[in-house]
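Hi,

Here is the structure I promised to pass on.

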Amino acid sequence: PLFIRVSYGRKSMASDVFAQAYTSATVENIAFSPATGPSATIASLSAKNVRFKEIDGGVLTLVERISNRNFDAPEMSDADKIALVLDYLTLTETISIGSLDIVGFGLKSPDENEVSINVGRIAFAGATNEAGATLRMEGLDVSAPDGKVKIGSISQTGFDISPTLDKIRAELSEAGAKLEDIELQNVMPVLGQFELRDAAFETSQPAPVKAGVRSIAIVFDNPDGGVPVGLKWTLDGLFGPFPTDPNDEISQTMISLGYRDFDLSSTAELLWNTPRTELSGNLAVSGANMGSLSATAQIGGVSQDQLITNPSSALITAMAATLKAATIEIENRGLAERLIDQDAVKTKRSPEQVKKAYASVAAASLQLYLGANETAMRLTRSIVRFIENPTKFSITAQSKNKAGVGIADTTLAEEPGAIIDLFDITTSSD
């Protein structure tokens, strides 16, 4: 059955005001069963606040004009191509949907190796003056003969393509405009936030494997569209078994240490200070029953515009960059003990003897490499203490020069110890 409550009022032609077409509409028990190909079912589909904008000549005339043009036709001039793109932009702006809700979507293949896709709910909410649009999918279940995939939810919130449409229209409306002159980085839409939760997959070929991730989130900071000035990534609980491939050295090493499965999490964040041409960022990675590593950096002399608009100059930009500050933190949560115990068994020594041997080698090597100045000696002692008692270690470096330390500064150093002297170094080991 179809339930529609209509509230419609005619507006003047070529109006910027939308006319209400449907306040709400619901369709239930939809089924598509073609003679060939997959069949599809939808338990219910509902839409609210469906509105249309009238244009000169009407929508059908616009659609006909678009269909009669071939963008790749040799006779299409630059002006014709621009006109076609502008028509497409006009078409996208003729309809507005407040919300769309699809419940119980299913797709099934007709062949013997049956593949089925089921989605509990797909929901869309259009952008408003206060917030961007939202697209959310819940309860995705994909089944195939060799395995299956389940995802609790996938969502993209706060996105808005209207800045993209406005910028393209403005650029193409200028005299002498050409499509190839549009720089994609300048017309990026507002991206908002992407999030995935409770994803898992299982496969039975060639051997049973179960893996997945508890959540992934990516936040883009570009409220007005264009290249984001900030980016934040969060991954929580990437889990699964280590591969048993004998050629995978990392996996074989972890298995030899007694790990059969991994459970990893990470965060990363980048923030561009455009007026100061400064980039700051942080990264953190951790593994259950292994440990964690985090790092931060503040880099000066980095122009976002130069990197984005002229990627070929990335090397030159990097040469001009300077390191103003950085930190590194390491926390052991079991990995160090397993490495030490493994070496102790191989060399028939006690774990304490192994740690003392490591510390002795580190002290001699670092002193030889870094030199014997006060900063280098302090750093060496802190690293040796961490090896003797592997719990936590951190190092912070602050450039003595406010402008930072660049590649040119390091090339003038006669030894690594001289590079260290360019920074104020602070270390800690528990």
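Predicted model: local features only at pLDDT ≥ 70, side-chain atom pairs only at ≥ 80, totals over all residues.

Residues are numbered from 1 along each chain as its sequence is written, and side-chain values use heavy atoms, with hydrogens and water left out.

Back to Ser-266, which sits in strand E11, residues 261-273 (strands are DSSP runs of E, at least two residues, and helices runs of H or I, at least four, numbered from the N terminus). Leaving out residues up to four places away in sequence, Ser-266 touches Trp-233, Thr-234, Leu-235, Ala-284 and Val-285 (a contact being heavy atoms within 4.5 Å). With Trp-233 there is also a side-chain to side-chain polar contact at 3.1 Å (a pair of N or O atoms within 3.5 Å, one able to donate a hydrogen and the other to accept it; residues adjacent in sequence count only if both atoms are side-chain atoms).

Now the whole protein. The protein has 11 helices and 17 strands, and 29% of its 430 residues count as buried. Its C-alpha trace spans about 85 × 60 × 45 Å along the principal axes. Of the contacts between residues at least 6 apart in sequence, 58% join residues at least 24 apart.

Cheers

Key: Buried < 20%, exposed > 50% of the residue type's maximum accessible area, 1.4 Å probe, protein only.
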